Amino acid sequence: MVRPWRRAGLAVVLAACLVAPSSAVHREPPAVEDYVTEQLTVAARAFLARRSQALVHAQDRRAMPTEVQGVQISPKLARAQERAVRELETRNRAPVAGGPAYTGARTRLDARSAVREGDRITLEAVEHTEVKYGGGKFTQSVRRRFEFRTRGEQIIMIAERVLDPAARPVNDPVTPDR
């Protein structure tokens with residue numbers, strides 16, 4: 001015979017076992033503040049815009065900035081960016097070989113999400129690059145991920161990549177060394 005107080009204790013233990021797995025909430029990494037998302041988006045847009053401009057003959061050859069709106073660019077990423085810019089400058093600057101050259105390029109970046117996990121922030125965004133040539137233009141949309149590391153208040157962009165492996169962004173170098 002089970003004593004009433006033991007029966008109550010057993011019921012509590014069983015209830016706890018049943019509740020525990022369902023009460024274990026899977027937590028998503030916390031989203032970052034809106035102003036930080038905007039700051040990261042501006043830095044990432046400037047990073048991509050530099051490559052888009054490399055497709056146009058009148059390229060500004062100033063060095064890659066080491067910081068954009070308070071976000072530092074890691075030295076490794078800056079070197080990869082300079083290699084990409086050099087390759088894009090020497091690539092055929094027309095949508096079709098022998099066709100009219102690109103006359104303008106504009107890049108816009110729409111942030112989709114920015115989440116923080118420890119000292120890392122990941123920004124996922126859609127890049128919209130419009131290039132003009134002769135009398136025409138085309139716009140390409142590509143999903144990208146940007147990785148940032150924080151040190152106290154300092155934010156450093158450390159990586160970027162295309163999320164869709166089949167995408168061939170017009171402003172990406174052909175070489176896979178990025």
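Colleague: Is aspartate 172 buried or exposed?

Modeller: In this predicted model, local features need pLDDT of at least 70 and side-chain atom pairs count only at pLDDT 80 or more, while totals for chains, interfaces and linings use all residues. Residues are numbered from 1 along each chain as its sequence is written, and side-chain values use heavy atoms, with hydrogens and water left out. Buried means under 20% relative accessible area, exposed over 50% and partly exposed in between (1.4 Å probe, protein chains only). Aspartate 172 has 9% relative accessibility, so the residue counts as buried.

Colleague: Which residue does aspartate 172 meet in a salt bridge?

Modeller: A salt bridge requires a side-chain nitrogen of Lys or Arg within 4 Å of a carboxyl oxygen of Asp or Glu. For aspartate 172 the N to O distance is 2.8 Å, and the partner is arginine 144. Aspartate 172 lies in the segment after S6 and its partner in strand S5, so the pair ties together parts 28 residues apart in sequence. Strands (E, at least two residues) and helices (H or I, at least four) are DSSP runs numbered from the N terminus. Salt bridges with shared partners join Arg51, Glu127, Glu160, Asp172 and the residue asked for into one network, namely Arg144.

Colleague: How far apart in sequence are the parts that arginine 144 and glutamate 160 tie together?

Modeller: The side chains of arginine 144 and glutamate 160 form a salt bridge at 3.0 Å, N to O. Arginine 144 lies in strand S5 (residues 136-151) and glutamate 160 in strand S6 (residues 154-162), so the parts tied together are separated in sequence by 16 residues.

Colleague: Over how many bridges do S5 and S6 pair?

Modeller: Two strands pair if DSSP finds at least two bridges between them. Within S6, glutamate 160 is the bridge partner of phenylalanine 146. S5 and S6 run in the antiparallel sense, and their pairing extends over eight bridges.

Colleague: Which strands stand at the edges of the sheet?

Modeller: The open sheet has six strands in the order S1-S2-S6-S5-S4-S3, with mixed pairing. Each edge strand has a single partner strand, so one side of each is left without a neighbour in the sheet; these are strand S1 (67-68) and S3.

Colleague: With which residue does glutamate 33 form a salt bridge?

Modeller: The closest N and O atoms of this pair are 3.9 Å apart, and the partner of glutamate 33 is arginine 116. Glutamate 33 lies in the loop between helix H1 (4-23) and helix H2 (34-53) and its partner in strand S3 (residues 102-117), so the pair ties together parts 83 residues apart in sequence.
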